[in-house]
Amino acid sequence: MRCTSNRIRSSYNRAPCPSVVVNYSRDKEHVHYLSIFKLLHVLRTLSELLKIRTETQLQCSRITSSGSSDWRFRSHFPVWSTRLSLRNTVFQAEILALLKAVEHAVTLPTQQLTILVDNHASINSAANPKSHNSIARKIFKLLHSHPHIRVSWIKAHAGYIGNEEADRLTKEVAKTENFPETPLELPKPFIKTFLRQKMLATWQMAWDDGDTGRLIHNIIPKVSLQPINWTRNEILFFTGHGPFPSFLQRFNLAKTSFCSCGGIGTPIHYATVCLLTTSYHMAPPSQQHQPVWFRSVANNSASRRKIHNLLQFLQKETSHFRPDPN
Ligand SMILES: [Zn+2]
């Protein structure tokens with residue numbers, strides 16, 4: 001298996017004839033060349049065209065067999081064109097173009113033949129028998145079973161006749177619309193991104209419409225996969241699930257929800273107005289601005305430190321914040 005890989009790589013400097021030059025374009029107006037495969041962008045239409053062309057070099061005009069029904073001829077060049085989905089990647093177009101060139105070369109009379117490609121990634125992938133790309137593995141098998149076919153890299157825009165001709169033809173074809181599309185499996189990064197976005201959207205909807213955790217929803221309205229690095233005391237304060245009489249009384253862990261100072265023992269009471277915690281006070285908000293107050297406290301490191309210390313004090317001196325049972 002390795003010999004084929006070496007064969008592909010070692011054919012770098014050999015003068016190939018006859019040769020097959022692979023080229024594709026992906027847009028229309030302005031020309032943005034991408035190594036051997038040419039990339040053009042269509043700005044005036046919403047959809048980008050991704051066309052793949054395979055052709056023999058000019059000097060190899062004796063190759064005239066198209067080989068398959070979807071190949072067509074343009075003067076003496078057999079040409080194959082298609083369009084891929086916008087979701088497909090440039091690499092997928094490159095590797096598909098190489099596959100088409102190899103498949104075409106297989107149909108030609110057996111003779112020493114080199115496919116010239118000006119893209120390293122597609123060559124390296126096709127030379128790897130364990131490639132994760134199914135098209136690359138298909139190319140490898142074809143090359144392995146047809147040792148007379150070689151793949152070699154050439155520099156783009158270096159004056160190679162076939163490559164330059166491919167450029168010219170690519171620009172021509174890029175102006176043509178309504179090319180038939182070739183369905184190709186979507187790339188993994190696209191699927192991962194798509195699923196992550198879907199999951200986050202579903203999660204966001206559930207978070208927005210939920211009945212619980214509304215205090216935290218007020219502070220963190222947008223779901224994220226990034227953890228919020230709150231300390232335990234900060235969590236106790238912002239959730240309200242801490243040593244607060246208002247919370248403990250809900251579970252019959254305290255006889256009353258009042259603080260020993262007379263106010264209702266809520267988190268904001270201790271952080272702003274309680275007479276027993278004046279060292280940890282922050283400016284009290286008005287009733288309607290309480291949600292904004294919680295958000296600003298959560299987003300301010302100095303305020304969070306004060307909250308952390310307040311909770312430490314509350315936990316240490318719990319008995320002082322309970323009303324005298326007598
Ligand atoms: Zn109090």
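Which residues of α8 are buried? They are Asn233, Leu236, Phe237 and Phe238. A residue is called buried if 20 or more other C-beta atoms lie within 10 Å of its own, exposed if 12 or fewer, and partly exposed in between, with C-beta atoms placed from the backbone. Helices (H or I, at least four residues) and strands (E, at least two) are DSSP runs, numbered from the N terminus.

Two notes apply throughout. Residues are numbered from 1 along each chain as its sequence is written. The model is predicted, and local features need pLDDT of at least 70, side-chain atom pairs count only at pLDDT 80 or more, while totals for chains, interfaces and linings use all residues.

**The whole protein**

Display the entire chain first. The protein has 12 helices and eight strands. Of its 326 residues, 32% are buried. Two residues are in contact if their C-beta atoms, placed from the backbone, lie within 7 Å. Among the contacts with a separation of 6 or more, 67% join residues 24 or more positions apart.

**Stop 1: helix α8**

Select residues 232-239, which form α8. The buried residues of this helix pack against α7 (214-219), α10, α11 and α12. Just after α8, select glycine 240, which takes a positive phi of about 80°.

**Stop 2: helix α12**

Select residues 301-316. How many residues does helix α12 have? Helix α12 has 16 residues, which at 1.5 Å a residue should span 22 Å, and its end C-alpha atoms are 23 Å apart, which agrees. The expected span is 1.5 Å times one less than the number of residues.

Now colour Ile307, Leu310, Leu311 and Leu314, which are buried in α12. Seen down the axis of α12, the buried residues fall within an arc of 100°, so they line one face of the helix. The arc is that of the directions from the helix axis to the C-beta atoms. An α-helix has 3.6 residues a turn, so residues three or four places apart point the same way.

Next, colour the exposed residues Ser301, Ala302, Gln312 and Lys316, carried by the face of α12 turned away from its buried side. The buried residues of α12 pack against α8, α10 (267-272) and α11.

**Stop 3: where α8 meets α12**

Show both helices together. Two packed helices are described by the angle between their axes and the distance between the axes. Here α8 and α12 pack at an angle of about 90°, with their axes 8 Å apart. That makes α8 roughly perpendicular to α12, a description used for angles of 65 to 115 degrees, whereas angles under 35 count as roughly parallel, over 145 as roughly antiparallel and the rest as oblique. Axes are lines fitted to C-alpha atoms, for helices over the stretch in contact, and angles run from 0 to 180 degrees between N-to-C directions.

Display the side chains of Asn233, Glu234, Leu236 and Phe237 in α8, which meet Arg304, Ile307, His308, Leu311 and Gln312 in α12. The residues of this contact divide into four nonpolar, three polar and two charged. Ala, Val, Leu, Ile, Met, Phe, Trp, Tyr, Cys and Pro count as nonpolar, Asp, Glu, Lys and Arg as charged, and the others, Gly among them, as polar.

**Stop 4: alanine 298**

Select alanine 298 in helix α11 (residues 290-298). Alanine 298 has 19 C-beta neighbours inside 10 Å and therefore counts as partly exposed. Leaving aside residues up to four places away in sequence, alanine 298 touches Ile219, Phe238 and Arg304.

**Stop 5**

Select residues 90-107, which form helix α2. Is α2 mostly covered or mostly open? It is mostly covered, as 13 of its 18 residues are buried. Valine 102 counts as buried because it has 24 C-beta neighbours inside 10 Å. Among the residues that valine 102 touches are Ile115, Ile139 and Ile149. Isoleucine 149 is 47 residues from valine 102 in sequence and 7.9 Å away in space, C-alpha to C-alpha.

**Stop 6: two loop residues**

Finally, select histidine 157, in the loop between β8 (149-153) and α5 (161-174). Histidine 157 has a positive phi of about 55° although it is not a glycine. Asparagine 252 lies in the loop between α9 (245-248) and α10, and has a positive phi of about 60° although it is not a glycine. Asparagine 252 is exposed, with 7 other C-beta atoms within 10 Å.
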